[in-house]
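The sequence and the structure come before the discussion.

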Amino acid sequence: MLLSDLPTGILMLTGSVVTAVEARELREGDLLRVSGTQVTVTSPADDHVLTGMRRVSVSFRPYDNDTVRTEGWTLPEAARFTAVQLLRPEHVECALCKPGTNSHVVLVDRVAHGWVQRWVCDSHHQRS
């Protein structure tokens, strides 16, 4: 479920968003900008035989056409990239409902939205 699919209510997001991501934090589907080219991570960052290194598979369009190039990169786990989209699952629960009765797992884009600080369902919002 995406954040936009969360049932109606009041949603408070943190102001802190992610602008860069390290190689060790990459997951399948992450979008990055590398030297002006948008790159999609096609497999998660796996440990490499060498300590401190990560192996990542990526795909990108190196030219302005439909050609898609797929590569495997081996890089230091602390290598930093400019993040375009980082969807991460987050457990969101109505702050006023009985615990465990109104909760959802949503994908939150850490680049655009940061973290969910608080969510109040519409029924509780209407009562106040």
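## Surface patch and basis of the model

Leu2, Leu87 and Leu107 together make a nonpolar patch on the surface, with about 210 Å² of accessible area between them. Patches are built from residues with over 30% relative accessible area and no salt bridge, like charges being joined within 9 Å and nonpolar side chains (Val, Leu, Ile, Met, Phe, Trp, Tyr) within 5 Å; accessible areas come from the Shrake-Rupley method with a 1.4 Å probe, and for residues only the protein chains shown count as cover. Leucine 107 belongs to strand 9 (residues 103-109), where helices (H or I, at least four residues) and strands (E, at least two) are DSSP runs numbered from the N terminus. Leucine 107 is partly exposed, at a relative accessible area of 31%, on a scale where buried means under 20%, exposed over 50% and partly exposed in between (1.4 Å probe, protein chains only).

The model is predicted, so that local features need pLDDT of at least 70 and side-chain atom pairs count only at pLDDT 80 or more, while totals for chains, interfaces and linings use all residues. Residues are numbered from 1 along each chain as its sequence is written, and side-chain values use heavy atoms, with hydrogens and water left out.

## Salt bridges

Side chains of opposite charge can pair when their charged atoms come close. Across the whole structure, seven salt bridges are found, each being a side-chain nitrogen of Lys or Arg within 4 Å of a carboxyl oxygen of Asp or Glu. One of them joins aspartate 30 to arginine 88, with the closest N and O atoms 2.8 Å apart. This pair links distant parts of the chain, since aspartate 30 sits in the loop between strand 2 (20-22) and strand 3 (31-34) and arginine 88 in strand 8 (residues 87-93), 58 residues apart. Aspartate 30 and arginine 88 are both buried.

Arginine 110 and glutamate 90 also meet through their side chains in a salt bridge (2.7 Å, N to O), linking the loop between strand 9 and strand 10 to strand 8 across 20 residues. Arginine 110 is buried, with a relative accessible area of 10%, and beyond its neighbours within four places in sequence it contacts Val17, Val18, Leu86, Arg88, Pro89, Glu90 and Trp115, contact meaning heavy atoms within 4.5 Å.

A further salt bridge pairs glutamate 22 with arginine 24 (2.4 Å, N to O). Glutamate 22 counts as buried because its relative accessibility is 15%, whereas arginine 24, at 38%, is partly exposed.

## Cysteines

The count of disulfides comes to zero, a disulfide being a pair of cysteine sulfur atoms within 2.5 Å. Cysteine 94 is in none, its nearest cysteine sulfur, that of cysteine 97, lying 3.5 Å away. Cysteine 121 is likewise in no disulfide, and the nearest cysteine sulfur to it, that of cysteine 94, is 3.6 Å away. Cysteine 94 is buried at 4% relative accessible area, and cysteine 121 is buried at 5%.

## Nonpolar cores

The largest nonpolar core has 18 residues, of which Val21, Leu26 and Phe81 touch the most other members; such a core is a set of buried Ala, Val, Leu, Ile, Met, Phe, Trp, Tyr and Cys residues joined through side-chain atoms within 4.5 Å. Strand 4 (37-47), strand 5 (53-60), strand 6 (69-76) and strand 7 (80-85) each supply at least two residues of this core. Apart from this core lies another, of 10 residues, among them Leu3, Leu6, Val106 and Trp119.
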